[in-house]
Structures are given as C-alpha cells and as structure tokens.
Amino acid sequence: MIVCICNNVSDRKIRQAVDSGMSSMSELRENLGIATCCGKCHSCAKSVLRECLDNRAPAALRHVQALVFQQNIQAAA
C-alpha cells in the first residue's frame with residue numbers, strides 16, 4: 001500500500017528501510033522523503049514503523065513493554 005503519495009513510498013519500502021537499520025521517523029524522512037511535503041502520511045508511516053520495530057523486538061522485550069504499559073494504565077486509573 002502507498003503510504004506517502006507525494007514521494008511514492010509504500011509500506012514495503014518502509015519495512016525494507018527498517019530491515020536495513022532505520023529506526024526513526026527522522027531517518028525515514030531523510031532517506032525516503034516521508035512527511036516532507038504535505039505531511040498527511042506521517043501518522044500512517046509512524047504506525048508502519050512501530051509495527052516493524054515491534055516485530056523485530058525479542059519476545060521477552062515485548063512482554064516487558066506490555067507489563068510497563070499495563071502498570072502505567074493502572075497507575076493512571
């Protein structure tokens with residue numbers, strides 16, 4: 001799916017960029033041109049980036065992140 005229409009960047013290109021070591025929106029902006037024109041793609045690109053990074057994280061780390069998130073929710077309640 002095309003994420004950034006202005007620069008013709010797909011979710012596949014974002015996934016490939018993450019696989020090659022990119023891990024931030026600023027890196028995607030510099031290398032792929034994400035969110036450099038109209039900016040409407042920023043939230044979708046960020047979601048794809050997060051999904052890719054989450055899938056790369058070891059299972060134990062994801063478990064710890066879930067516990068911290070759950071504790072933050074409980075503390076806020």
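Let me start with a definition: a helix axis here is a line fitted to C-alpha atoms over the stretch in contact, and an angle runs from 0 to 180 degrees between N-to-C directions. Keep that in mind for the helix pairs. One caution before we go on: this is a predicted model.

Take α2 and α3. They pack at an angle of about 115°. Their axes are 10 Å apart. Angles of 65 to 115 count as roughly perpendicular, so α2 and α3 are roughly perpendicular to each other. The crossing of α2 past α3 is right-handed. Who makes the contact? From α2 come Met25, Leu28 and Arg29. From α3 come His42, Ala45, Lys46 and Leu49. Sort the residues of this contact by type, and you get four nonpolar, one polar and two charged.

Now step back to the whole chain. The protein has four helices and two strands. Read from the N terminus, the order is β-β-α-α-α-α. There are 77 residues, and buried ones make up 26% of them. The exposed surface comes to about 5,300 Å². Carbon and sulfur atoms supply 53% of that surface. What about contacts along the sequence? Take those between residues at least 6 apart: 49% of them join residues at least 24 apart.

Helix α1 covers residues 11-19. It packs with α3 at an angle of about 45°, and the axes are 10 Å apart. An angle under 35 degrees would count as roughly parallel, and roughly perpendicular starts at 65. So α1 and α3 are oblique to each other. Here too the crossing is right-handed, as α1 passes α3.

Which residues meet there? On the α1 side, look for Asp11, Ile14, Arg15, Val18 and Asp19. On the α3 side, look for Ala45, Val48, Leu49, Glu51, Cys52, Leu53 and Arg56. The residues of this contact divide into seven nonpolar, no polar and five charged. Note Ala45 and Leu49 of α3. They meet α1, and they are also in the contact with α2.

On to the strands. Find Ser10 in strand β2. Is Ser10 buried or exposed? Its relative accessible area is 14%. Buried means under 20%, so Ser10 is buried. What does Ser10 touch, leaving aside neighbours within four places in sequence? The answer is Met1, Ile2 and Val3.

Last topic: backbone angles. Most residues other than glycine have a negative phi. Two residues here are worth a look against that background.

The first stop is Asn8. Its phi is near 55°, a positive value in a residue other than glycine. Asn8 sits in the loop between β1, residues 2-4, and β2, residues 9-10. Its relative accessible area is 46%. Exposed would need over 50%, and buried under 20%, so Asn8 is partly exposed.

The other stop is Ala35. Phi of Ala35 is near 60°, again positive in a residue other than glycine. Ala35 lies in the loop between α2, residues 25-32, and α3, residues 42-56. Its relative accessibility is 18%. That is under the 20% cut-off, so Ala35 counts as buried.

To recap the helices: α3 is oblique to α1 and roughly perpendicular to α2. Thank you.

Conventions
Residues numbered from 1 in each chain as written. Predicted model: local features only at pLDDT ≥ 70, side-chain atom pairs only at ≥ 80, totals over all residues. Heavy atoms only, no water. Buried < 20%, exposed > 50% of the residue type's maximum accessible area, 1.4 Å probe, protein only. Parallel < 35°, antiparallel > 145°, perpendicular 65-115°, else oblique. Left-handed = near helix turned anticlockwise from the far one by under 90°. Contact = heavy atoms within 4.5 Å. Nonpolar A, V, L, I, M, F, W, Y, C, P; charged D, E, K, R; others polar. Areas by Shrake-Rupley, 256 points an atom, 1.4 Å probe, with all protein chains shown as cover.
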